[in-house]
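Here is a short briefing to read alongside the structure. Take a look at the model first, and then we can walk through it by topic.

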Amino acid sequence: MIFFFLALLPDKPSKLTVINITSESAGISWEDPANGGNNGLTGFRIKLMKSNTVILNTTIDKVNKYEIDNLTPNTTYKISVAAGNQKGFGEETITSFTTFGKALLPDKPSKLTVISITSESAGISWEDPANGGNNDLTGFWIKLTKNNTLILNTTIDKVNKYKIHNLNSNTTYEIFVAAGNQNGFGEGIITSFRTTSISTLGKSTGDTDDSSDGYIAGVVTLAVVVNVVLATLAYIIYRYRQLKSAIADYLGEETSAQITTMLKGKQPLKSVIADNLGEETSAQITALLNNGEERLKSAIADNLGEETSAQVTALLNNGEERLKSIIADNLGEEPSTDVTVLADNGRKVSKDINDNNPVQKQVPKVLFKKGQHCLIHKDDDHCEKVELLDIGYV
């Protein structure tokens, strides 16, 4: 009689393979043993050795792969896997592998994010790869696709953001970013996004562009300016009403109404003066305001008589030559040649007479009062009669 006994422990796993070897990591996979012992498999034990030194010793559940990190570039490692059950772990399967040297190309960037999405544009940002290869990073490669069609293919300097324009609204896009060095570009990272719809106001729904802040600021500024203008107008109206009230209080309602009408240009100043001071006074004031001529005429008539007044009036109309003629007629040719009369708004200014004039010898350095002149010369040294005329002798 022959008796068969089942092994207590599992056989060793089969087809142990090292995959995805890089300069700093590797993956392993295997298959279950044909015989799991007299109990079912519960898991596996993994050991990693470098230079005959165990640097990893761990157990895992019943899975058939494992990732190893934090390896040293260009280094040989030995890896073993044993299957286990409730009785323990059986025989190991062993293999070895060597990590690569430092990668020539950069790893792929990380944390690729799409920001500021509108109906026509979007921004992207990302972080540098952990491993830039055996040379420093020089830039990035960006590709944009729509419906598997390449619509953007560009390279940029070493910056970590990019703005995409001229997009279609309510459309899905796929964006690709890869890091590069002097040896070329490494593996890329990919993500997708969808543009927003266009609102009825012409502004993209969900728009987060900075232009919205500028729009709001402009509206606020306009509102402030409008409020300032309205407040200023209200103040002017208030002061105008105060002025009308003050005039009414001090001058009465009737005079206030007349002044108000004058200020609006609906009633001439002359009319206002006539209404309040009478037609006669109004005419006098009007003549005085015009050029003072009427006042001058009155003063001459009062002092020299109507006839001489008419002559002086004619002089004012016709100029200096007429003045000389009138002086000659009234004072004689000889004094006339030595006298000059100036007119300035109806006023006469005293002028010097030649030192040879006999009257000058009679009253040296004496200024005759306003209007004085010598009517009759008794002789060369005496003036028999002095009459007022608007001429001064010095």
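Does lysine 111 count as buried or exposed? Lysine 111 counts as exposed, at 59% relative accessibility, where the cut-off for exposed is over 50%. Please keep in mind that this is a predicted model.

**Salt bridges**
- The structure holds six salt bridges.
- Lysine 111 meets glutamate 127 through their side chains, at 3.8 Å from N to O. This pair links distant parts of the chain, with lysine 111 in strand 8 and glutamate 127 in strand 9, 16 residues apart.
- Glutamate 127 is partly exposed, with a relative accessible area of 39%.
- Aspartate 32 and lysine 62 form a salt bridge at 3.0 Å, N to O. Aspartate 32 sits in the loop between strand 2 and strand 3, and lysine 62 in the loop between strand 4 and strand 5.
- Aspartate 128 and lysine 158 also meet in a salt bridge (3.0 Å, N to O). They lie 30 residues apart.

- Four strands, in the order 11-10-13-14, make up an open sheet with antiparallel pairing. Strand 11 and strand 14 are the edge strands, and the twist averages 20° from one strand to the next.
- Strand 10 is joined to strand 11 by seven bridges, and threonine 145 stands opposite leucine 150 in strand 11.

**A nonpolar surface patch**
- A nonpolar patch on the surface has about 880 Å² of accessible area together, and its residues include Leu222, Leu233 and Tyr238.
- Leucine 233 is found in helix 1 (residues 211–251) and is partly exposed, at 46%.

Definitions and conventions. Residues are numbered from 1 along each chain as its sequence is written. This is a predicted model: local features need pLDDT of at least 70, side-chain atom pairs count only at pLDDT 80 or more; totals for chains, interfaces and linings use all residues. Side-chain values use heavy atoms; hydrogens and water are left out. Two strands pair if DSSP finds at least two bridges between them. Helices (H or I, at least four residues) and strands (E, at least two) are DSSP runs, numbered from the N terminus. Axes are lines fitted to C-alpha atoms, for helices over the stretch in contact, and angles run from 0 to 180 degrees between N-to-C directions. Patches are made of residues with over 30% relative accessible area and no salt bridge: like charges are joined within 9 Å, nonpolar side chains (Val, Leu, Ile, Met, Phe, Trp, Tyr) within 5 Å. Accessible areas come from the Shrake-Rupley method with a 1.4 Å probe; for residues, only the protein chains shown count as cover. A salt bridge is a side-chain nitrogen of Lys or Arg within 4 Å of a carboxyl oxygen of Asp or Glu. Buried means under 20% relative accessible area, exposed over 50%, partly exposed in between (1.4 Å probe, protein chains only).
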